[in-house]
Amino acid sequence: MSAYDVGVVGGGIGGLTVAALLSARGLITCVLERQSQVGGCIARVEFSGYDFEPGMGLYTSFGAGEVYDTLFSRLPVAAPEVTPVTSPYILRSADGSDIVIATNDLYAIDGGTATLAERLAESIKQSGGNLRLNSPVLRLAYDESGRAAGVDLLSGERVFAKKAIVSNLTIWDTYGKLVGLNRTPPEIKKQLTTLHGRGVYVVYAGIEEPAVARLPGERMRVEDGEGEFTLAISSSGIAPEGKRAVTFTTPTEIDSWFAYQSSEEDYEEWDQSALEHFWSRLHTALPELGSAIEVIETANPRTYYDSTRRKLGMVLGIDEEILVGPGTSLENLFIVGDTVVPEAKIDLVVKSAIPLQNLIV
């Protein structure tokens, strides 16, 4: 049995930000993360000697006086090094024409976006906070009055939080898993059924450097007759000799990834079919690639569910343009993350964590 001032469930960017700020202010905090590394959806993606960019590799709000400047001015660690993006960001339209999109105030994070999460984790430790990896949480633990007193871990341990509990899970999982549907007010249950999220299908690939040179840009958004997908070539430089790591991401509906596979073989067949279909789209829209590209790994809503336990593997926030806010039906339980901000952007999650830690203090 352990007791802290604040328990944070989930080591994504929102949970890490709140914990780092609270720890720097002297509160005894504990972050409980089910995976073996921090970052959640922006954690490091490494396969076969490649270090892949988990997103587009374009980030905002790193200028003087902006949110990251404010955040790290309150922490004992320095912000990650960033580089202003000067290379073109290209939109390829369905007719094959290329349009250069302005990259004013956009930055690349040296070492990748996972560096941001790792700096926050280091700050928590330096301030005396606790970061426990491989520690999946089952549910909230309640005292005799019905107040949330802490959380129960899969291991059987109970962790107490005297002041507050912060959920870095989605709004669905906060109520469905932590609070419990039997304790969730009917009006909130009804609201949760009306909220919808989105998933992504991701292909991590290795591309030969001459093919990179043939592309109009190392970051692209490509439109075709079926929708769009993005391309982001990692700037980390970690790849086999003569190769670069590239991430392709396209939106996907989520239900079929869970509804139609009765066995592991069915799932693998579904994933292979999705890959073949996307591969055809990719080469039609980007003929410059030719044969100079190979698939290293794929990820889909079920992959994200298995690694993060986010409901149905949804990673793009919520579709509705509403702001739920950090409060919940329990006075000492708060939510931080991409499902309680207007848009699923890292800087907005960080920005929302700053007033939340003031509220808790």
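Analyst: Contact means heavy atoms within 4.5 Å. The model is a predicted one, in which local features need pLDDT of at least 70 and side-chain atom pairs count only at pLDDT 80 or more, whereas totals for chains, interfaces and linings use all residues. Residues are numbered from 1 along each chain as its sequence is written, and side-chain values use heavy atoms, with hydrogens and water left out.

User: Which residues does S135 touch, not counting residues up to four places away in sequence?
Analyst: S135 lies in the loop between β9 (130-132) and β10 (137-142); strands (E, at least two residues) and helices (H or I, at least four) are DSSP runs, numbered from the N terminus. With a relative accessible area of 9%, S135 is buried, a class for values under 20%, while exposed means over 50% and partly exposed lies in between (1.4 Å probe, protein chains only). Apart from residues up to four places away, the residues touched by S135 are L32, E33, R34 and L153.

User: Is G129 buried or exposed?
Analyst: G129 sits in the loop between α3 (114-126) and β9. Leaving aside neighbours within four places in sequence, G129 is in contact with S23, T29 and I124. Its relative accessibility is 14%, so G129 counts as buried.

User: How many disulfides does the structure hold?
Analyst: A disulfide is taken here as a pair of cysteine sulfur atoms within 2.5 Å. Among the cysteines, C30 is buried at a relative accessible area of 1%, and C41 is partly exposed at 30%. The number of disulfides in the structure is zero.

User: How are helices α1 and α10 oriented to each other?
Analyst: The axes of α1 (residues 13-24) and α10 (residues 346-360) come within 8 Å and cross at roughly 40°; axes are lines fitted to C-alpha atoms, for helices over the stretch in contact, and angles run from 0 to 180 degrees between N-to-C directions. Angles under 35 degrees count as roughly parallel, over 145 as roughly antiparallel, 65 to 115 as roughly perpendicular and the rest as oblique. The orientation of α1 and α10 is therefore oblique.

User: Which are the edge strands of the open sheet of seven strands?
Analyst: The order in this sheet is β7-β6-β14-β15-β16-β13-β17, with mixed pairing; two strands pair if DSSP finds at least two bridges between them. Strands that pair on one side only form the edges, namely β7 (98-101) and β17.

User: What angle does the direction of α8 make with that of β17?
Analyst: Helix α8 (residues 264-285) packs on the sheet, where it touches β6 (89-92), β13, β14 (219-224), β15, β16 and β17. The angle between the directions of α8 and β17 is about 135°.

User: How many bridges join β13 to β16?
Analyst: Strand β13 (residues 199-208) is mostly covered, with nine of its 10 residues buried. On one side, six antiparallel bridges join β13 to β17 (residues 293-299), where G206 has E294 as its bridge partner. Strand β16 (residues 243-252) also runs antiparallel to β13, with T250 standing opposite Y201. The number of bridges between β13 and β16 is 10.

User: At what angle to β13 does α9 run?
Analyst: Helix α9 (residues 301-308) lies across β13, β16 and β17. Its angle to β13 is about 100°.

User: How many of the residues of β15 are buried?
Analyst: Strand β15 (residues 227-233) pairs with β16 in the antiparallel sense over four bridges, including T230 with T249. Six bridges join β15 to the antiparallel β14, and a hairpin links the two through two residues. Strand β15 is largely enclosed by the rest of the structure, because its count of buried residues is five of the seven.
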